[in-house]
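Welcome! Here is a short tour for anyone meeting this structure for the first time. Keep the view open and follow along as you read.

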Amino acid sequence: GQVVYSIAEETERGAPVGNIAKDLGLEAATLAARKFRMLSGSSKQYFNINASTGALSVNEPIDREQLCELKSACLLNYELVLENPLELYRMEFKVLDVNDNSPTFPLGEYHINMPEFLSPGARFALPNAQDLDEGTNSVQNYTLSPDEHFHLEMQTRGDGSKYPELVLKKALDREQQASHRLVLTAKDGGDPPKSGEVSVIVTVLDTNDNAPEFEHSVYRASVLENSPSGTLVVQVHATDLDEGPNGEIRYLFSNTTSADLQRMFLVHPRTGEVTVNGVLAVQRPLLELLIEARDNGAFGMSSTAKLLVEITDVNNHGPEITVTSLSSPIPEDAVSGTVIALLSILDKDPGENGKITCQIPDNLPFQLKPSLENYYSLVTSGLLDRELVSDYNITITATDLGSPPITTQKTLWVQISDVNDNPPVFSADSFDVFVEENNPLGAFLYQVSASDPDTGENGRVSYTLRNSTVAGSPLANLLSVSVANGSIYAKRAFDFEQLKSFSFQVEAKDNGSPALSAAITVNVYISDQNDNAPAILYPSSQNGSVAVEVVPRLADEDYLVTKVVADDEDNAQNAWLSYHLTYSSDSTLFHLSPHTGELRTTRSMRSTDFLKHKVVVVVQDHGDPPLSSTLTVGILLADTLPQVLPDFDDSGQPPPLLNATNIYLIASLACVSFVFAAFLLFFAAVRL
């Protein structure tokens with residue numbers, strides 16, 4: 001069921017490979033009838049089968065390196081499918097390598113740098129060549145072009161692979177020959193063999209064996225003392241016989257040159273130009289500097305030259321103001337003449353250029369007084385008030401007598417510290433607070449606030465209630481105040497009917513030493529709420545009983561039955577009362593004045609009127625919501641006061657209209673009326 005063929009790569013198209021029918025024991029004549037097919041995973045069809053003979057031939061030349069790249073074994077697998085009956089055969093093609101590729105190097109030229117001081121035996125790695133062929137057709141050996149200084153040796157790695165090394169066999173001399181050009185050749189083992197070459201260029205590096213030399217051992221120059229930075233003083237120059245980095249020179253100050261001079265001047269590392277870099281000192285009119293020239297070799301060599309710079313004096317120093325001591329902050333109650341600061345003012349210039357005048361602005365409560373030589377004292381000359389000015393920026397101006405003069409200024413920041421010289425201040429002498437009665441416990445009433453222009457503890461205000469009594473009770477039983485923010489709270493509910501207003505004092509005290517305080521009067525006005533219903537004073541009734549009034553049996557119209565008198569402990573409209581008649585056993589008989597509370601007869605009494613009547617009077621105030629009280633008045637029609645008063649309905653409801661007696665009367669009247677109407681109808685019928 002499987003057959004293996006071997007074929008060399010690059011075999012031309014049409015070349016025979018074998019006979020698949022013979023190799024598999026098939027009849028060639030039946031291949032077409034059995035619909036043979038060759039199946040492969042390759043995108044190209046490299047082989048053909050003749051349907052008549054079963055001959056297997058090359059359809060497409062095979063490039064083994066392209067197909068299998070670096071694989072050691074290159075195989076192509078095909079399946080031959082036959083039908084009737086269905087059969088599957090496996091065909092394997094082994095592609096054999098041919099020497100069709102030459103060894104190649106990754107680069108066309110390689111460079112190696114070798115110092116001339118290396119001893120024989122030094123080794124340098126050489127590049128490996130690559131050959132796409134396999135086995136003996138790949139790279140087998142390397143050769144090097146003849147050279148008296150170098151030879152080639154092959155080395156073996158741990159995995160068995162070999163690589164070439166360049167070995168120095170004779171010392172190099174850059175002065176005799178600066179570079180060597182070698183040719184490295186790689187050969188494969190094919191027949192015929194193929195090879196590849198690459199150039200190897202060895203550059204001999206110079207050894208630093210020459211020190212730089214200055215043109216002059218001593219350089220002289222002069223420069224003005226006030227020369228600005230960047231002014232050229234002199235340019236030094238040195239030469240070095242070496243080449244490359246060994247011959248490149250950089251200039252710098254020698255370590256023996258003082259740090260002050262190195263800050264004063266600057267030497268350019270490449271050009272050797274010496275320039276002014278800072279303020280020049282006049283104390284030494286002749287300055288000595290050492291300049292070093294050093295090459296850039298691995299072990300740099302150097303030489304030194306001396307530079308003498310003469311400084312020409314000018315008035316280029318301004319006064320220098322130094323604060324020796326400073327007392328800040330100072331208390332605002334400091335007495336006049338208190339020393340705040342001690343100043344040292346110097347000018348490094350000699351003669352008139354070094355003499356100084358010093359002053360401060362005139363509008364400040366300070367004075368500048370000369371003390372010891374070159375020293376001044378800054379003292380107070382007036383009263384200080386931190387609340388007006390909390391700090392001062394005092395500008396001290398010092399001017400020398402040079403031509404032109406130079407002025408220097410220095411600003412001192414002097415802070416004024418606080419003393420407790422201001423009591424707390426309220427925005428008003430008194431405050432009026434309005435609060436409704438029946439307030440909840442702990443209700444917020446008002447917040448007093450006092451300001452203190454002092455700072456810190458001197459300005460931190462706390463609040464307390466001054467001891468006093470209100471309506472015979474200690475104030476502390478009524479109110480409390482927040483120590484921190486002055487918020488006033490009620491400790492109990494106020495009752496307008498008992499207390500309409502009162503006054504007390506809140507004291508604000510700072511936390512200074514000694515503490516200062518101030519007080520404010522707070523007037524509290526309690527506003528009324530409608531919390532009291534009208535109280536009916538007359539006519540009186542006890543325990544909800546009916547008040548009885550006796551009216552003559554034949555009283556005239558507008559007869560005063562009684563006057564309802566009521567009182568309300570509330571105030572204003574909460575105490576405005578009105579009277580209403582909500583029920584009357586006979587609505588045509590009585591009326592009530594809404595303003596005076598007078599209950600009068602609406603008409604004259606009749607003999608047919610009931611002897612006993614009941615009215616319900618409601619007394620209502622004008623609060624929001626309104627409150628009311630109810631009075632039931634029993635009215636007895638009699639000419640004299642009976643010894644025993646009759647009973648009245650306490651419920652206040654009118655008596656029922658359809659009682660038993662009334663029902664009997666109505667039924668009797670209806671029967672009589674019906675009989676009379678029937679008689680009339682009968683009489684009329686008889687007449688007709």
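Let us begin with Lys306, which is partly exposed, with a relative accessible area of 30%. This is a predicted model, and in it Lys306 forms a salt bridge with Glu288, the closest N and O atoms being 3.7 Å apart. Glu288 lies in strand β22 (residues 286-295) and Lys306 in strand β23 (residues 302-312), so the pair ties together parts that are 18 residues apart in sequence. Glu288 is partly exposed too, at a relative accessible area of 45%.

How many salt bridges does a search of the whole structure find? The count is 19. As background, side chains of opposite charge can pair when their charged atoms come close.

Asp260 and Arg263 both belong to helix α3 (residues 259-264), three residues apart, or about one turn of the helix. Their closest N and O atoms are 2.2 Å apart. Asp260 is partly exposed, with a relative accessible area of 42%, while Arg263 counts as exposed at 53%.

Are Arg386 and Asp418 buried or exposed? Both are buried, and their side chains meet in a salt bridge with an N to O distance of 3.2 Å. Arg386 lies in the loop between β29 (375-380) and β30 (391-400), and Asp418 in the loop between β31 (407-417) and β32 (425-426), so this pair ties together parts that are 32 residues apart in sequence.

## A three-stranded sheet

Now look for an open sheet of three strands, arranged in the order β17-β21-β20 with antiparallel pairing. Its edge strands, β17 (232-235) and β20 (265-267), each pair on one side only. From one strand to the next, the twist averages 20°.

Which strand does β17 join through three bridges? The partner is β21 (residues 273-276), and the two run antiparallel. Within this pairing, Val234 has Val274 in β21 as its bridge partner.

## Domains along the chain

The chain is divided into domain 1 (2-96), domain 2 (109-205), domain 3 (213-312), domain 4 (320-400), domain 5 (425-527) and domain 6 (535-637). Between domain 3 and domain 5, the C-alpha centres lie 84 Å apart.

An unreviewed UniProt entry carries the annotation "domain: Cadherin" for several stretches, including residues 322-426 and 427-536. Residues 322-426 are 0% helix and 50% strand, with end C-alpha atoms 47 Å apart. For residues 427-536, the chain is 4% helix and 47% strand, and the end C-alpha atoms are 49 Å apart.

## The largest nonpolar core

In soluble globular proteins, nonpolar side chains tend to be buried together. Here, the largest nonpolar core has 28 residues. Those with the most contacts inside this core are Tyr463, Leu479, Ile488, Phe494, Phe502 and Phe504.

Among the elements that give two or more residues to the core are β33 (430-436), α4 (475-478), β41 (501-510) and β42 (517-527). Which element gives the largest share? That is β42, with five residues.

Terms used:
Residues are numbered from 1 along each chain as its sequence is written. This is a predicted model: local features need pLDDT of at least 70, side-chain atom pairs count only at pLDDT 80 or more; totals for chains, interfaces and linings use all residues. Side-chain values use heavy atoms; hydrogens and water are left out. A salt bridge is a side-chain nitrogen of Lys or Arg within 4 Å of a carboxyl oxygen of Asp or Glu. Buried means under 20% relative accessible area, exposed over 50%, partly exposed in between (1.4 Å probe, protein chains only). Two strands pair if DSSP finds at least two bridges between them. Axes are lines fitted to C-alpha atoms, for helices over the stretch in contact, and angles run from 0 to 180 degrees between N-to-C directions. UniProt positions are given in the numbering used here, feature names are shortened, and annotations may be inferred rather than shown by experiment. Domain bounds come from an automatic or database domain assignment. A nonpolar core is a set of buried Ala, Val, Leu, Ile, Met, Phe, Trp, Tyr and Cys residues joined through side-chain atoms within 4.5 Å.
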